[in-house]
Amino acid sequence: MSARSKASSKRQTGTATPTEGGGIDIGTAPIVATSQVSRFHTETLTTLSNDIDLKDVTVTIGQRTLLSGANLRLFHGVHYGLVGQNGVGKSTLLKVIGYKLLSGFPSNVRVLYVEQLEGTDMARPVVRVVMDADRKAARARKELKLVQKALEGDDPEEVARVMREVKLERLKDELAAADKTALERSGARGADARKRLIEQEKRMEDALAANEEPISPEETTRAAAEAQELLTELFGAMDLYGEEAAEAKARSILKGLRFPPAWHDRPLGELSGGWRIRVALASALHIEPDILLLDEPTNHLDLPAIIWLQDYLSQLDNTTIVTVSHDRAFLNAIADEIIVFKNQTLTYHDGNFDEYLEHTEEKRKYMERMAEAIERKKAAAEKTVQATMSQARKAGDDKKMAQAASRQRKLERIGMEVNDKGHRFKLNRDRAGYHLSTRGDAEVEKMEQAPTWSIPDPIPLRQAGAIIEVEDVALGYDRKQPPLVSGVTLNISQTARIAIVGANGSGKTTLVKALVGDLQPLKGKINRHLSAKIGYFTQHHVDELHQHPVETTALSLLMEKEPERQAQEYRAHLGKYGIKGSLALQPLRSLSGGQMVRVAFALSTFGSSPHLLILDEPTNHLDYLTTEALIMALKEFSGAVVIVSHDQFFVSEVAEQVYAVRKKKLELLEGGMEEYMPFQEYQVVGRHLPSEAEPTPKIYRMRIFAPNEVVAKSRFWYFLRQLKKVKKASGEIIGVNVIHEKKPLKIKNFGIWLRYDSRSGTHNMYKEFRELSRADAVKALYQDMAARHRARFRSIHILRVVEIEKSEDVRRPYIKQLLVPKLKFPLPHRVQKVRSTFVAHRPATF
């Protein structure tokens, strides 16, 4: 190995797995990432700051440019949500950051990309895989085990061989670090780094040559003393890393991700793909790096695990997190800022995902109004200039002609009065360079258009009746074992909109397989409509696309399925799912995860229009615009729909009936997804950030009913913003406390004042409930509002909840009848008062 020479330049190319031309080879095309550096840049120095600020970032994959001249900015402790359309390059950007391809990353900042943990030994226990994710601690444990075993064997030559092996491995790590430093530095610093690299290469060559020589008595004597010193050093390292504490922490994280305790010591190879993803996620959480990169962490996680992950990530205040996710509820819960990947650049927005959408829409409307105002002002000024010039020509008046020229120059200065930051426009600061006018026009950003999806409507059935009728069915795979799900009764009508939710392993997939006929019930009947066609989509269909040959395209897949059709029919069907133009001719392996889902949808619905569409986790890998397109397509679809999903937003928008699989039963949830999540009462305290103008800002307290602390904080900022008090970007949470019931075993009466939004406007309402706790009363309220008014969780604001201690204070008859014995109806306050009728009397006249 020889030292690498490097010219000083403005740009540097970072590499992870080097190829001949530079860059890395991930998939089929090399990824090349560059950033702006100089010979004075501190890209290889250890710094005290964990902030990342890289200028002029460019990322290309093959001939395609993903980023051009972008600014990558990651501040310490901030939780970012990275969003963008499918195929824009979000996962590639995470790989570039995770492998530290960009110059400018301080060497002391630990960056972890979850996918880097794949490819581990499948025979190792799960808890050991999680613990070994910390490579420094894993290497220390490995060295300690080797040295201890050698010293206990009483073989001096074995001790010497072990010391040779340990030294050689450490030299390899030092050589790799010196090679990276020499590659990245330039100028005088680069020359010094290359000299040190040559010295390190020489030491490596000497060590390899020495290992070929037989072990001498002197080396044996020296190795024993060195082994004792190394053992002392490693014991100190183990005290630092905390072996027992590390194992306890690993098991705690696995428990939070709903790993059964019996699975902690199972080999990794015995787990399914979804559980392996949880192991990789647990490994990332165990390390707690300075920068944690998560790519679709909620895929294959059930709702309790997603809620636990929200809580856990929110507690990592000293870790910078960048999350690519298309789960809107998850992004709203964890994100402090949103990074938008669009038009080959990165833009940053304060707040969570919903706030980003709201601010973007407000800015777009503002720019539209400004553009219209500027156009009206220009039109009026041009009209005035033309009239003045016409009068000057007719009269031959030079003064009027000079006046018209002056107004023409003023016309060129009409434009935006403020810059992008809202400050007053200054020409030398905001309009540098050559331009045709002194001020720019209002640039209205085009709205991102959701791809148009169109699911073909089925041919109407001639016979009425349900598509599938399930009567008292028990399901399982072995008659000798207890059934996974029993007592299932379900009716799927021809226009049904049904969602099935539940924890992983509860039996949702088993139930779906029985509905489509892939599994016969152990007990009961499943009657299917004789003429109805059933379409079935699952994530396994997406995984099967990866098994096709490298050259396979979306168009060739449809041609293989039905070769007798014409090319325009294949193109038209793919276009219904956003696979248009050259995208239909690209190899499948070059497509993003969301684009693969679209291809799988097109393949599953090609050739037949199903009367019942069963979708198992359809939103995995889909961006938020594509998810909205799928929601609109399902709403317009005339057939029946059954979905299995953990995406709260998707289920709330599509499903009219929500069923939960729990405790081996299928239960109908009258309150929808809100009923599926347990409620607690929180007191959230927040305020404006202190400033010089207001060092002690006003404190706001609010009682919030929510399933967890993260949602409680999110609701607090939502309501506070509605009241136009404080925004999340300019405020802080002081404290969050759980409110416990004083008498949890006593049934009490509660009165609830609420406000909810509907299509007809905002309504105030008062309701009463008889429950054990305030949280139970609010939960019953959400169920009642969902059943009576179709009001969802996000549209209901609980104003006040009070306990009604006296029976005479109860207003509602449905509660009063439970308290007053022998109550007669109608109640007194319901009896209409009879008004006295006016009777005219003839006045007496005599």
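Two strands pair if DSSP finds at least two bridges between them. Helices (H or I, at least four residues) and strands (E, at least two) are themselves DSSP runs, numbered from the N terminus. The model is predicted, so local features need pLDDT of at least 70 and side-chain atom pairs count only at pLDDT 80 or more, while totals for chains, interfaces and linings use all residues. Residues are numbered from 1 along each chain as its sequence is written, and side-chain values use heavy atoms, with hydrogens and water left out.

## Overall composition

The chain holds 24 helices and 26 strands. Of its 846 residues, 46% are buried; buried means under 20% relative accessible area, exposed over 50%, and partly exposed in between, with a 1.4 Å probe and protein chains only. Contact means heavy atoms within 4.5 Å. Among contacts in the chain between residues at least 6 apart in sequence, 68% join residues at least 24 apart.

## The sheet of β21, β22 and β23

An open sheet is formed by three strands in the order β22-β21-β23, with antiparallel pairing. Its edge strands, each pairing on one side only, are β22 (699–706) and β23 (731–739). From one strand to the next the twist averages 25 degrees. Axes here are lines fitted to C-alpha atoms, for helices over the stretch in contact, and angles run from 0 to 180 degrees between N-to-C directions.

Strand β21 (residues 680–688) pairs with β23 in the antiparallel sense over eight bridges. Within β23, Glu732 stands opposite Arg687. Helix α22 (residues 709–722) packs on the sheet and touches β21, β22 and β23, and its direction makes about 125 degrees with that of β22. Helix α23 (residues 774–789) lies across β21 and β22 and runs at about 70 degrees to β22.

## Parallel pairing around β8

Strand β8 (residues 291–295) has four of its five residues buried, so the strand is largely enclosed by the rest of the structure. It pairs in the parallel sense with β7 (residues 111–113) over three bridges, and Leu292 in β8 is the bridge partner of Leu112. Strand β9 (residues 320–324) also runs parallel to β8, joined to it by five bridges. Here Asp295 stands opposite Val324 in β9.

Helix α19 (residues 624–636) has 13 residues, which at 1.5 Å a residue should span 18 Å; the end C-alpha atoms are 18 Å apart, which agrees. The expected span is 1.5 Å times one less than the number of residues. The buried residues of α19 include Tyr624, Leu625, Thr627, Leu630, Ile631 and Leu634. Elements packed against by the buried residues of α19 include α11 (353–395), β14 (497–502), α18 and β17 (612–616).

Gly594 lies in helix α18 (residues 593–605) and counts as buried, with 2% relative accessibility. Leaving aside neighbours within four places in sequence, Gly594 is in contact with Asn86, His621 and Leu622. The C-alpha atoms of Gly594 and Thr627 are separated by 9.9 Å, the two residues being 33 apart along the chain.

## Salt bridges

A salt bridge is a side-chain nitrogen of Lys or Arg within 4 Å of a carboxyl oxygen of Asp or Glu. By this rule the count comes to 14 salt bridges.

| Lys55 | Asp53 | 3.7 Å |

Lys55 is partly exposed at 41% relative accessibility, and Asp53 is partly exposed at 42%. Lys172 and Glu169 are three residues apart in helix α4 (residues 156–184), and about one helical turn separates them. An α-helix has 3.6 residues a turn, so residues three or four places apart point the same way. Lys172 has a relative accessible area of 38% and Glu169 one of 36%. For Arg565 the value is 30%, which is partly exposed, and for Glu569 the value is 31%, also partly exposed. Elsewhere, a network of salt bridges links Glu247, Arg251 and Asp265.
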